[in-house]
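The following paragraphs lead the reader through a structure, element by element. Please keep the sequence and the model in view while reading.

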Amino acid sequence: GDTGSLLCGFLVSVLAIRFIEIEAVPASPAVALAIVIIPISDTLRVFALRLIKGQSPFQPDKNHIHHRLLDMGFKQLGVVFALLGLNLFFILATTSLVHLGSTWLIALIVLATLLINGFIEFSNRYLARHA
């Protein structure tokens, strides 16, 4: 429910901030963003969609990424592994490219996230029209 997800989000956010503060790796801000990019981008995307539709951003709906993946035919376990794999991809790609520096890495993470969200949105609309 909401309490568990809010607690998890709070804990992950605090840990990401601590990760940046201790400068565990070069380009720590970018690596921290890579760790939390899925929930952050999902929240921002859903808020934006709700505002565009004239709804309250706090109104529940089925626009979160896990709902979209379920609509694409993934099973619940498949959604978990797909999101885990996507998150691991961001983390591994970021840690292997730390020599680029935080600014470039953050730009690449944001660009990749926009492309992935666009692909999922396009796929859902395509499947809805051809179902």
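Alanine 27 is placed in the loop between helix 1 (2-21) and helix 2. The model under discussion is predicted. Alanine 27 has a phi near 60 degrees, a positive value in a residue other than glycine. With a relative accessibility of 15%, alanine 27 counts as buried, because the category covers residues under 20%.

Helix 2 contains a pair of oppositely charged residues. Arginine 45 and aspartate 42 both belong to helix 2 and stand 3 residues apart, about one turn of the helix. Their side chains form a salt bridge, with an N to O distance of 3.0 Å. Both partners are buried: the relative accessible area is 14% for arginine 45 and 9% for aspartate 42. What else does arginine 45 touch, not counting residues up to four places away in sequence? The residues in question are Asn63, His64, Ile65, Arg68, Asn117 and Glu121.

Two of these neighbours, Arg68 and Glu121, are themselves joined. The side chains of arginine 68 and glutamate 121 meet in a salt bridge of 2.9 Å, N to O. Since arginine 68 lies in helix 3 and glutamate 121 in helix 5, this pair ties together parts that are 53 residues apart in sequence. Arginine 68 is buried at a relative accessible area of 10%, and glutamate 121 is buried at 17%.

A further salt bridge connects arginine 50 with aspartate 61, whose closest N and O atoms are 3.0 Å apart. This pair links distant parts of the chain, as arginine 50 is in helix 2 and aspartate 61 is in the loop between helix 2 and helix 3, 11 residues apart. Here arginine 50 is buried, with a relative accessible area of 6%, whereas aspartate 61 is partly exposed, with 21%. In the whole structure, a search finds 4 salt bridges.

In one of them, phenylalanine 47 and phenylalanine 58 have ring centres 5.4 Å apart and planes at 85 degrees, so the pair is edge-to-face. Phenylalanine 47 lies in helix 2 (residues 28-52) and phenylalanine 58 in the loop between helix 2 and helix 3 (65-71), so this pair ties together parts that are 11 residues apart in sequence. Phenylalanine 47 is partly exposed at 29% relative accessible area, while phenylalanine 58 is exposed at 67%. The rings of phenylalanine 89 and phenylalanine 90 also make an edge-to-face pair, because their centres are 5.8 Å apart and their planes lie at 65 degrees. Phenylalanine 90 counts as buried, at 5% relative accessibility.

In helix 5 (residues 102-129) lies serine 123, a buried residue at 9% relative accessibility. A polar atom of the serine 123 side chain lies 2.8 Å from the backbone oxygen of phenylalanine 119. The C-alpha atoms of serine 123 and methionine 72 are separated by 7.6 Å, although these residues are 51 residues apart along the chain.

Which residues make the nonpolar surface patch of about 600 Å²? Leu77, Val80, Phe81, Leu84, Leu88 and Leu92 form this patch. Among them, valine 80 lies in helix 4 (residues 76-96) and is partly exposed, with a relative accessible area of 44%.

Technical notes: Residues numbered from 1 in each chain as written. Predicted model: local features only at pLDDT ≥ 70, side-chain atom pairs only at ≥ 80, totals over all residues. Heavy atoms only, no water. Patch = residues over 30% accessible without salt bridge, like charges linked within 9 Å, V, L, I, M, F, W, Y side chains within 5 Å. Areas by Shrake-Rupley, 256 points an atom, 1.4 Å probe, with all protein chains shown as cover. Helix = DSSP H or I, 4+ residues; strand = E, 2+ residues; numbered from the N terminus. Buried < 20%, exposed > 50% of the residue type's maximum accessible area, 1.4 Å probe, protein only. Phe/Tyr/Trp six-rings, centres within 6.5 Å; stacked < 30°, edge-to-face > 60°. Polar contact = N/O pair within 3.5 Å; in protein donor to acceptor, adjacent residues only side chain to side chain. Contact = heavy atoms within 4.5 Å.
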